Amino acid sequence: METGSSVSKGTFAYKGKKRSIDADQYFKRSDTLGTYRQRLDVLQEAWENIDTQIQILRSDLNSKIFDDLVKFAKSSHESFTLGGGQIDSTPKEIPTAAFVTGVNTPDHGVMFSTLVTTLQDKVSPLVAILKSKDCNSVKNTLSKTLTQLFQNPLLFSEDDEAIPGNTKNMTCSMSTLVSWYQDKYNTNNSSPKKRKSLGGGSKDLGQYPPIVILFEDLESFLPHVLQDYISICRNYIGEIPLVFVFGIATSVSAVHRLLPNAVSSMLCMEKFQAPPSTEYLNMVINQILMTSRYPFKLGSKVFQLLLDIFLYHDFSVLNFIKGLQFAMMDHFFTNPVSHLCCSVEELEDRVTSLKPKEVEQVRRLMSFRGFVEGCPPSKQEDMLLNDKVTKLEFVVLLRRIHTYHSHLYPVLKCLHIMVSKIPKHPLGKQLREVYSRLLKSFICDTEDYKECIELLRMTSKDELMDLLQQCRSSLTEDLPPDLSTLPSDLDALLDRFLKIDEVTEEETPENTEESLHLEKTDLHTLRKRLQEEGKKKKKLSPYEKLRNETIDFFDSLFRKYLVCPTSLPLYEIFYYDAWGEIKRHLNASPRSVVQMALSSPHHYLQCKCCESEPGSVTPSMPDICIAYKLHLECTQLINLYDWLQAFVTVVTTDEDLDEEKIKNPDKELQARFIRAVSELQFLGFVKPTKRKTDHVARLTWGGC
Amino acid sequence: MFINIEKPTSTCTNCWETGHSFRLCQNIPRCSACKETGHKPGSNLCPQYIEDNSNEVEAFDGKENVLSNFFPCELMVFGECFESAEQAFQLTKAVRAGDLLAAERIRAAKSALECKQIGNSVLPSTSWHQDAPMVMEEIVIEKVKQISEMKKKITQVFTDEKVFAHSVYDQFLGTGLNSTQTVHTNPKAWPGQNVMGKLLQRVAESFHASSQRTSSRNRKTTVNNASKANQKDLDGYVKKSKLFSREMKHGKMTTNSGRPRRKCVSVSFVGDDDVIGHIVDVNKKYESRKQKKRLSLQHTRKNQLKYTEDIEIIEQSDSDEENFQPSEQGDGQVAGSDVFQFKTAKKSGSMALKASEARTPKTPKSILKNSNSVSSGKRKTENVTPRKGEGTPKKGTQGKLTRKGRKPEATTPFKLRKRAEYICDDVDVDSDSSDTDSEDGESDTETSATPVPPTTPRSRRKIQEAADMPHMVEEYFDLHSQGGLSTTSDRTLAKLGTGKMDQESLNELLRRVPSKHSRECQQMYEEHRELFHKWMFYMCNGYNILLHGLGSKRTLLEDFRRSELKDLDHVVVNGYFPSLTIKHILNTITDEILEAEGTYKSPLDQVEFIKSQFETKDYRDFFLVVHNIDGVMLRPEKIQNILSLLSQIRGFHIVASIDHINAPLIWDQTKCSRYRWLWYDVTTYLPYTDETSYENSLLVQQTGSLALSSMSHVMKSLTTNAKQIFLLLAKHQLENKDSSTYLGMSLQDLYQRCREAFLVNSDLTLRAQLTEFRDHKLIKSKKFVLIKHLSFPFPEMMILKKR
């Protein structure tokens, strides 16, 4: 069935025989060397590992704030008893948690769903979550609340007869909820056995579990709906234990902006601040990118780009992870030998099972070529022709990258600790900034690094010891053999710093003695001598000596381990640095693409005829480009007739150009022009206007 | 070009001593002409007294004299309409002085005198005494052009070889004497500088001179045409003076040059902004600033400059400068600053210029001829349409003037002359609309009045970039203060002679047009095709694909659908379909793919249902192919919200395309991240045939063939009686088709007639019939009056066919 020009339908359904698709077959089609299966396996395994790690991180990150919220929800209605409302005539305030979540709205969905499950586990099964999209009237809001509360699967595992019918034929009001709640927990009260089974795993819920209502995106709620809803709820606060949780993306003042004083006075608010998303990002980077556990790494440009998207676009860690996943997929998809990007254990098997073609492919990598050129000539030949030798070399080289990684991260952390306190932060404040510099070039050659070392040579003893202590404590993880002595070295240094006072006492007398030996000389030599003496005075104190020694120690450590990854042979297998791909597919700029295509068709068509300077029009260009370029010359309004004339002037060839033809162009030219104009209209460059007959209005001003 | 103007010192007009003002003067009054005491100027005691010289001197003052600024007339200057020349002048003065309050009052002033009074209270800006003559000249030129009486008068006075004397007490503009005194005083002894008079003199002079030339050249010019010729020549004068002043200022010719023509006389349009620009940078101070402004606009101007031969030198230096600018177009992307610009100043003729430019490099010769013929062709058509805001009816026929090319008269090298023509010619193509100045220039460079364009001093081009920014700001407000209407021509498509085409014939025509670059497009298309499996792979991993880039992506998507999705469940949505709703999409999914029956309270409810269907049963893949997810009907936030929620369902994949340049704006941060788009640039350059076919394009006649066919289907199924009722209605409408107040046929009336024709027997049956028509959208009803709109354009034909 042709779907294009149907005038009666806009949607067309096609049923297929197959139920699902398989990533395999698509991956296979891009394969040239027959390594797709291995690559796909490696990719899927790696991604699963990373994904689970991210899940863990996510729950870790919010655990503290969730605990606080749980505590708040639990404690807010401790003294609640049924029927208490009637006795206590003074209206109470609704306990409300203002949960400030930050502006990274894309991440909130996940955060709230975890919060809901946490609350259901630990506080009460009665949790409802409201989203602004469902709540455009009070009635909707109420019905949404009630359906979520009544149809909670946690409640009705055994208690079938208690289901209050279908929500559709139930009146949605708070009084329904109240009677339901009283009914439920009064009966439970009389039969404690039942209640126990009801509570399931959470036995310590207390007699009257509070009803928690979450507002996921408070700012997007309609103010009047929210006001009415809160007012209604307040009337029942004596009869049912309600707790609100407001999800606020901006700041608490948003509540006051939404609610008038009369309403906000019904709330007893407490503020909870979610950790900022940058913290989450740091965790992700530290735990996933900066460990030797996952061999896949991001190259410097891609890393920087993803960071930029995070910092300047959305603050969304989800999007960062999305980018990471895309980078991984693209890496394994495009690089035919990427299956070597695996853990050390599998490495040897993988390399030995390489087919000659694959070996050839690896040889073609730029970094390996450079490596071969650096080898002695006798070895070069073997490397290029003898597969066996080459494979052995591969193993060595790839192992080296693995060990490099295992050394890199602990040392990098040390570097970060050392430089993060330096004024103006020449190497950056965050670990990720230092890391990004390391990826770019050999960090120890940069000016900023030298500046840091200079500044470190001037630190006071307390500061330096503090730094050393921090470094020491950061090195708790199991260290690779080469670095295993590092903690003890640091300990030794620290010891020496502690004992430094004893050393000073020994050495000072010598100095004073020397300076006392003054002989009788002439003025010139005296002066010289005094100058020398002055220099000697500057001679380092034991602390300074030790400090220099320490800094030198660190400097050599950094220089040894903090090598730029791109300087290592075969780094391409682990590092993904196709910056353009990420930029094009994740952070595209569709308008500039369209304008590029319109203003310089040569860029896309690669034809000879349209090759011209930007800004000029040639008849060979596509019609729409000609119309576009002509329209650039106009102000706000464009006369269609003039436009047509100009178009015809450009398009017609010299031979058949005569007065009559331009004045009254043939239908074909007119049709082409009409098409071009309506396409421009479709693209949003012009629109029809009624300000003047046969005119269109221009909508954009940029042209290139 | 202007006479050296002495700065008026603060001389007392009573005793003619310097240092105090007239009001504070204690001295005996002296004659203003001879500076002697004891008599008034113009009396026969004055040594400067002469007999009435009104034969030689044309003294003018007051609102009765057309030459005077006080003469009430509707005048369009500087893009504004004024009631008198004085108002225009005083307003300019007030605006220049920055006294906007006074400016408002002047605008509101009822008489010219009031304007003058308000104007006198304004403290003029420092450069005003220099600018004033230029402003005045501008106004006078406009006045001569627009006011026929003025033209007549000025011609007459000039041919009588009289001296213009502005006999008012103004020491600067006028003679400093009243009209009798002026007449009786030796012109040399006039205390005032009579700037206004000199100005008129000059205008008249050059206007006359050129008219003389024209008439001598064009022997065939009839007497009837003389005044028109004068008009032309006057324009020519304006043009020349403008050019001249420009040269003075910038050392080069105007940039709004046109196509070369063989005929010497040409008209060029100078936009309002130019006029203002021209006035504004009179003095040196402005000069350099203007230069800077130019640089900032270089990019746009460059195009205009490019083929104007005589400024090629400048052009080169321009492009040199641009070469230094670092190109920001990494990775084939266009820099954001190029895409998102402010409005920039455009000449209204630049489109035509650009068009001609496209051909110029190849065959300059033929262009010379062709564009000539084009413009003369245009000139004829111009006669038909009255020009907007035209004061005199004469003007409309100006174009009939035929001119003949003249041989160059030695001295100036031919090439140079040609260049000058290039510049002067721009012309009719450029539209006439705002008649601030549309002028006709004699481009003969040998005329003493027009000097040879000097070479551009390079030093001017050395400009500090730092000062650009404030000028961009100024430029911005300049552009936005003037309406967009003023710079487009008045021509309409009716001139094409052929009617609008309908969609079908358009398609038919386009089918025959060979597509350009079909080979390259095919190649690109093949490259895009190779990405199919990659897309599928990414979609397996939970991403969705979004295609963007120029050209229809429909074919590509259809191709993708056929080759990759043929065995899978999928739904195709034409986002550009004008009556698409989200309900359609969701219903298609639930009814035809999930094969589930059910009613849903809201679309969100339905989404929930779809979600539960997909996520609770076994894993299945489903693809939603959306052509133009940015289509008009899919743009609302709610619909995008629903689509983005769908995209989150497990196993639910979306492949979509966007075309509108602002399409990404329909998604906010949250939706964007829900969609998990992977963007693909698939520029195809294919025509948007299907996508634009629904669009109500301006140039396409809406035939309503759809309504026609639907109607014939309905008609077939109708009973004879119903048909008769319909025909009755249709006939009634046809009878009344010329009446503009026709609302429709009232139900009562219809019922009456139907009864008479034995078509219905009760009101109820009629209503039942009408409901059927209404359901098929053949009629519309409004309140109690039944309004029937024939929804087809050729009702006669239709009805004939039915019979």
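Leu523(A) is exposed, with 69% of relative accessible area, in a model that is predicted. This residue belongs to helix H24 of chain A, which covers residues 523-537. Together with Leu526(A) and Leu530(A), Leu523(A) makes up a nonpolar surface patch, and the accessible area of the three leucines together is about 300 Å².

A patch of another kind is found on chain B. Asp591(B), Glu592(B), Glu595(B) and Glu597(B) gather on the surface as a patch of negative charge. Of these residues, Glu595(B) is placed in the loop that runs between helix H22 (582-593) and helix H23 (603-616) of chain B. The relative accessibility of Glu595(B) is 57%, so this residue counts as exposed, the cut-off being over 50%.

Lys297(A) counts as buried because its relative accessibility is 0%, and buried means under 20%. A polar atom of the Lys297(A) side chain lies 3.0 Å from the backbone oxygen of Leu289(A).

His425(A) is located in a loop of chain A, between helix H18 (387-419) and helix H19 (431-440). With a relative accessible area of 27%, His425(A) is partly exposed, since this class lies between the limits of 20% and 50%.

Methods
Residues numbered from 1 in each chain as written. Chains lettered and ligands numbered in written order. Predicted model: local features only at pLDDT ≥ 70, side-chain atom pairs only at ≥ 80, totals over all residues. Heavy atoms only, no water. Helix = DSSP H or I, 4+ residues; strand = E, 2+ residues; numbered from the N terminus. Buried < 20%, exposed > 50% of the residue type's maximum accessible area, 1.4 Å probe, protein only. Patch = residues over 30% accessible without salt bridge, like charges linked within 9 Å, V, L, I, M, F, W, Y side chains within 5 Å. Areas by Shrake-Rupley, 256 points an atom, 1.4 Å probe, with all protein chains shown as cover. Salt bridge = Lys/Arg side-chain N within 4 Å of Asp/Glu carboxyl O. Lys, Arg positive; Asp, Glu negative; His and termini not counted. Charge placed at Lys NZ, Arg CZ, Asp CG, Glu CD. Polar contact = N/O pair within 3.5 Å; in protein donor to acceptor, adjacent residues only side chain to side chain.
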